Structures are given as C-alpha cells and as structure tokens.
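Below is a short report on one protein chain. Please look over the sequence and the 3D view before reading on.

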Amino acid sequence: TAQPIMPASISNKALVAKLRQWHSAAADADHSSQQAQTFRRAAASLSAHPSEVTSREEALKVKFVGEKLSSLLGQWMSFEQLRREVPLRPVAALQHDEEGKWWAVAVCGVVAWRSWGKRGGTGNRQGFDSWEQCATEAQALSFAVAKSKRQLAKEYAHAPGSAESYEAASAEAPPARGQRQTAGRGGAEQPPAATGAAPAAADAGGTSEGAAEGAAEVAAGAAGSAAGPAAGVVRAKRSWVPKLLDSHGEVGAPAAVLIALRRAAADGEAPLSTAELARRAQPLCPTVALETRGGGKGGGRGGGKGGG
C-alpha cells in the first residue's frame, strides 16, 4: 500500500514560502518560463518532503532542487539564523517610479542582503534576494553603500525614511573599493539561471544584478561616446546592453574584454596592450582561459571559447 505523505515541517514551510516568493518574482519579471517553473516545482516537491531540511546538503536531496537552487536555499537558511543573533540594519530602500521597480539593501553582521522586484498599485511585489559575504562588518556596510550609489545613479529614488539610513551608513562606511571578499549570490552576484539560481538572478534582461552592472558600465561608455561632450547633461533613457552571460550563466570572454576596456577608459588610462587587456579581463571570466598569441595581422587573439 502507498505510504501517506507526511506534512512539511515548520522549517520546510518557510523554505516553501521562500521558493513561492521567488516563483512569483520570476513570473512577474517576465523571466524565462523555465525559471519560474523551477521554483514552482521545487516548492511543490519540498512541501511534500517528509523530513526537515536544515542545510544545503539536505535541500539537495529534495526532488527538483539542484546544485544552484540548493546553494541559494542554504544561503537563505544561514542568513535567517544570523538574523536571530545579529540585528538587521537597513541601509537603503529605493524605487524607480518610471520603470516600476524597487530595490533594497541591508546589512546583518558581515553579510549584505539585497532584494529587488517590481512595484504594483499597492506597493512592492514579491522579489528576488541575494547575499554577499564580506570579511568584516565594516566591509559589508561599505558594500551596501556602494551598491546603493549604483542604483541611485540609475535614477532610483529613496522611499520614505531611506535617505536618513543611507546618509548615516555613508558617513560611517569606509571606502568600498576592493573590499569585497566573496560573491554571495552565486555570483556575478553569480546569477541564478533558469535552472534554479534565479534569486540571485537577474533583476533585468535575464542577467544577474552584478552582470547587469558590468553591462551598464559598457553601455554608459558607448552612450557617452555617441552623445559627445555637448550632450553630457542628457541621459539616455534606454541604452543597448550587450549579453554578458553564456548559456551556463558565466561571463563570457567578449563581455569580459568589453568591461576591461570600459574600466580602463573610465580611469583615463593609455590604450592597453593585448596582453594587459587579457590580464585584466581574465578575473571577470575565470572559466575561460584568455591567452595572447603573437604573429599574424592584427596581433594576438584571446584564446578560449567565450559566451556572448
């Protein structure tokens, strides 16, 4: 005879609620149907799972929960445990009225927590989450402030009460450059792909938030060159953004080279040699070996197959 399905534990109910939140956010943001389906199927499977899930390893044993999704669930469980021990400090709560989006960041000890989604008629809708593990609490605060500045530069505005917490954090945080220790979102803000990493996944265009920021750097450079100095005060509402991630959710070699070129131009550096360009682009796409080869018209070429 068939065994009765045991009810989900209290812990599992919280995990199911989080998966359903991500499913709603994926469907609302018009991401791929596969991504939304991944969260929906995982939530249904976990709601019928007979034993309590308390770790990434245990989540991986649940049907329809793969490596990336189990990692995200593990991050969320660790963060929720940390919140019981360390006070949560909101840094910024922003909204983009024209695009109908919201974005928020807070710190809890050495972890910076970002969340984002779309806005509706009654307020913020369900959103995605990502977590950034830093070496110290000060670095986590600096990371949160730096990310907030990036969003404000994209014409986001403070929600009520946000400006005060942001200004206080900005005054307290040390310089953020080079202080991030590890990427929590699985990345570029490692993006959650449709196979189960979506929370950390894209807040726009199918790329992760981190990758989207790199794209913004490239797009900003292209827009600036086209507009010229006389149009410096005019900001384009829409810009072309290159595809930064390949089919595996990794930053490809062409995108890494574009970002490296953009950063060098932004710093006012002299033109880079092929070898120096490869050296700077390599950390952006660690899964692709960038090599330079002399000889032939046009100089060396980057080795390895990169995603678009």
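At what angle do helix α8 and helix α9 pack, and how far apart are their axes?

## Helices α8 and α9

The model discussed here is a predicted one. In this model, helix α8 covers residues 253-266 and helix α9 covers residues 274-281. The two helices pack at an angle of about 105°, and their axes are 9 Å apart. Angles of 65 to 115 degrees count as roughly perpendicular, and α8 and α9 are therefore roughly perpendicular to each other.

The contact can be followed residue by residue. From α8 come Ala256, Val257, Ala260, Leu261 and Ala264. On the side of α9, the residues that meet them are Leu277, Arg280 and Ala281. Sorted by type, the residues in this contact of α8 with α9 are seven nonpolar and one charged, with no polar ones.

## The chain as a whole

The protein chain contains nine helices and five strands. Their order along the sequence is α-α-α-α-β-β-β-β-α-β-α-α-α-α.

Of the 308 residues in the protein chain, 42% are buried. The chain exposes about 16000 Å², and carbon and sulfur atoms supply 54% of that area. Contacts can also be sorted by separation along the sequence: among those between residues at least 6 apart, 58% join residues at least 24 apart.

## Glu67 in helix α4

Glu67 belongs to helix α4, which spans residues 67-85. Is Glu67 buried, partly exposed or exposed? The relative accessibility of Glu67 is 49%. A residue counts as exposed over 50% and as buried under 20%, with partly exposed in between, so Glu67 counts as partly exposed.

Which residues does Glu67 touch, leaving aside those up to four places away in sequence? They are Arg56 and Leu60. Arg56 lies eleven residues from Glu67 in sequence, and the C-alpha atoms of the two are 8.8 Å apart in space. Their side chains are joined by a polar contact of 2.4 Å.

## Pro50 in a loop

Pro50 sits in the loop between α2 (33-47) and α3 (56-59). Why is Pro50 classed as exposed? The relative accessible area of Pro50 is 57%, and the cut-off for exposed is over 50%, so Pro50 is exposed.

Pro50 and Val62 are twelve residues apart along the chain. A distance of 9.9 Å separates their C-alpha atoms.

Notes
Residues are numbered from 1 along each chain as its sequence is written. This is a predicted model: local features need pLDDT of at least 70, side-chain atom pairs count only at pLDDT 80 or more; totals for chains, interfaces and linings use all residues. Side-chain values use heavy atoms; hydrogens and water are left out. Helices (H or I, at least four residues) and strands (E, at least two) are DSSP runs, numbered from the N terminus. Buried means under 20% relative accessible area, exposed over 50%, partly exposed in between (1.4 Å probe, protein chains only). Contact means heavy atoms within 4.5 Å. A polar contact is a pair of N or O atoms within 3.5 Å; within protein, one must be able to donate a hydrogen and the other to accept it, and residues adjacent in sequence count only if both atoms are side-chain atoms. Axes are lines fitted to C-alpha atoms, for helices over the stretch in contact, and angles run from 0 to 180 degrees between N-to-C directions. Angles under 35 degrees count as roughly parallel, over 145 as roughly antiparallel, 65 to 115 as roughly perpendicular and the rest as oblique. Ala, Val, Leu, Ile, Met, Phe, Trp, Tyr, Cys and Pro count as nonpolar, Asp, Glu, Lys and Arg as charged, and the others, Gly among them, as polar. Accessible areas come from the Shrake-Rupley method with a 1.4 Å probe; for residues, only the protein chains shown count as cover.
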